Amino acid sequence: MDEEYDVIVLGTGLKECILSGLLSVDGLKVLHMDRNDYYGGESTSLYLVQLWKRFRGSDKPPAHLGSSRDYNVDMIPKFIMANGALVRVLIHTDVTKYLHFKSVDGSYVYNKGKVHKVPATDMEALKSPLMGLFEKRRASKFIKFVQDYDEKNPETHEGLDLTRVTTRELIVKYGLGDNTVDFIGHALALHRDDYYLDEPALDTVKRMKLYAESLARFAGGSPYIYPLYGLGELPQAFARLSAVYGGTYMLNKPECKVEFDEEGKVIGVTSEGETAKCKKVVCDPSYLPNKVRKVGKVARAIAIMSHPIPNTNNSHSVQVILPQKQLDRKSDMYLFCCSYSHNVAPKGKFIAFVSIEAETDQPEIELKPGIDLLGPADEIFFETYDRYEPVNEPSLDNCFVSTSYDATTHFESTVLDVLNMYTMITGKTDSS
């Protein structure tokens with residue numbers, strides 16, 4: 001412990017593990033510590049016995065649910081965009097050799113009380129029951145414009161400067177109705193709320209293109225992929241990567257107190273009476289509670305079921321987005337389901353999650369519209385956790401604190417946080 005390191009990483013959540021992997025690959029001397037005796041932090045996956053212990057005290061799970069070890073229940077359920085930023089990081093770091101992925105069967109959106117497949121191409125838009133005939137044509141034209149749009153080729157811009165034109169103005173140009181805007185903005189562009197409408201349209205167009213590229217990449221029924229045995233595999237894979245490049249790991253280290261000099265700059269981390277010196281600290285919000293502020297609360301229901309989610313074409317893995325307007329909320333609701341086909345449950349069992357940014361102090365009532373879509377559940381658990389974001393100035397104290405995981409069931413915002421932190425830590429704009 002008396003050695004000096006370039007970076008000490010505290011916590012083995014996914015964000016911290018990706019960063020320790022990237023920094024180790026860059027040749028930095030990394031020490032990675034966690035007060036827990038397991039990898040994954042808040043983004044771990046639990047066996048059935050661990051799930052029962054967490055939510056039901058010391059209860060033994062009922063025998064009819066099958067073997068505990070056949071379950072890998074994510075505590076932060078998220079799918080991966082097949083052509084998104086996380087896949088680029090996985091490929092760049094060669095972490096893919098430690099992981100096996102499988103496509104997700106379906107991508108759906110909730111509209112007027114029903115669940116519909118998300119139309120992602122101009123041809124799918126023409127067939128979708130989400131829209132009437134004339135609206136289908138308008139939506140098809142809009143999606144075709146997005147598909148053909150090339151930032152570097154002005155001929156594809158139709159005279160529009162999308163860095164200046166807002167998404168709302170672009171939508172007006174194509175005459176799209178509110179329902180269409182709902183699924184385009186929330187189920188294709190994956191915006192969490194409606195603030196995007198008054199932002200430059202380029203971001204929405206890029207997000208829609210990412211969705212279509214991801215859909216095409218593995219020719220699955222959705223743009224998403226997901227690791228076999230659950231997301232708990234990801235932190236461990238990046239931890240392995242860090243170790244290959246000389247990173248040192250210490251689990252089950254109590255306290256992990258960050259030490260500062262008189263100027264408030266980090267100088268090391270103390271645990272069990274020993275201090276490891278370092279130039280920089282990377283951690284999740286729980287390690288530096290005086291350098292973060294609460295920004296919200298995520299509420300989640302976890303259901304174990306013996307059937308797929310109704311009206312999703314018997315999909316063994318699926319995402320359903322319930323746009324805010326459909327529920328009269330300020331932000332979207334997300335429904336995530338996976339099953340034995342991704343080795344996260346025994347044969348015939350499905351695990352579903354309903355996630356929201358809580359807007360009241362009665363999250364179980366808020367979650368009801370999503371839970372109602374699941375059909376009967378064998379078991380259901382509820383949990384809430386506070387979300388934090390850093391308020392410190394890393395250039396002054398050399399502390400780099402990640403933001404808590406949001407309620408979305410896809411990884412794009414998570415990876416953006418990691419890449420922003422990577423840039424702040426190294427001064428490089430790209431991990432590749």
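Strands are DSSP runs of at least two residues, numbered from the N terminus. In the predicted model, E379 falls within one such run, strand β18. The strand covers residues 379-390 and is one of 19 strands in the protein chain, which also has 14 helices.

The overall dimensions of the chain were examined next. The radius of gyration of the protein chain is 22 Å, in agreement with the value near 22 Å for a compact globule of 432 residues. The C-alpha trace extends over about 70 × 60 × 40 Å along its principal axes. Of the 432 residues, 56% count as buried. Among contacts in the protein chain with a separation of 6 or more, 71% are between residues 24 or more positions apart.

Across 77 residues of chain, the C-alpha atoms of E379 and I302 are separated by 8.2 Å. With residues up to four places away in sequence not counted, E379 touches I302, A303 and I304 as well as W52, R56, P62 and L65. One of these residues, R56, is joined to E379 by a polar contact of 2.9 Å between the two side chains. The relative accessibility of E379 is 17%, so this residue counts as buried, the cut-off being under 20%.

The largest share, four residues, comes from β18. By residue class, the lining of the second largest pocket divides into ten nonpolar, ten polar and nine charged residues.

The largest pocket holds about 1,200 Å³ of space. Its lining consists of 45 residues, and D203, R207, L210, E412 and L416 are those nearest the centre. At least two lining residues are supplied by each of α3 (85-93), α8 (201-218) and α14 (412-426). Helix α8 provides eight residues, the largest share of the lining of the largest pocket. In composition, this lining comprises 16 nonpolar, eleven polar and 18 charged residues.

Two serines were examined in the region of α4 and α5. S128 occupies the loop between α4 (122-127) and α5 (133-148). A polar atom of the S128 side chain lies 3.0 Å from the backbone nitrogen of L130. Leaving aside neighbours within four places in sequence, S128 is in contact with P119 and K136. The relative accessible area of S128 is 5%, and this residue is therefore buried. The other serine, S140, belongs to helix α5. S140 touches D122, A125 and L126 when residues up to four places away in sequence are not counted. With a relative accessibility of 10%, S140 likewise counts as buried.

Positive phi values in residues other than glycine were also considered. C256 has a positive phi, near 50 degrees, and is not a glycine. This cysteine is found in the loop that runs between β10 (248-250) and β11 (257-260). C256 has a relative accessible area of 2% and is buried. For N398, which is not a glycine either, phi is positive at about 60 degrees. N398 lies in the loop between α13 (394-397) and β19 (399-401). The relative accessibility of N398 is 17%, so N398 also counts as buried.

Key
Residues numbered from 1 in each chain as written. Predicted model: local features only at pLDDT ≥ 70, side-chain atom pairs only at ≥ 80, totals over all residues. Heavy atoms only, no water. Buried < 20%, exposed > 50% of the residue type's maximum accessible area, 1.4 Å probe, protein only. Polar contact = N/O pair within 3.5 Å; in protein donor to acceptor, adjacent residues only side chain to side chain. Contact = heavy atoms within 4.5 Å. 1 Å grid on protein atoms, 1.4 Å probe; cavity = no way out; pocket = protein on both sides within 12 Å on 5 of 7 lines; lining within 4 Å. Points joined across faces, edges and corners; volume = space filled by probe spheres on them. Nonpolar A, V, L, I, M, F, W, Y, C, P; charged D, E, K, R; others polar. Rg over C-alpha atoms; globule rule 2.2 N^0.38 Å.
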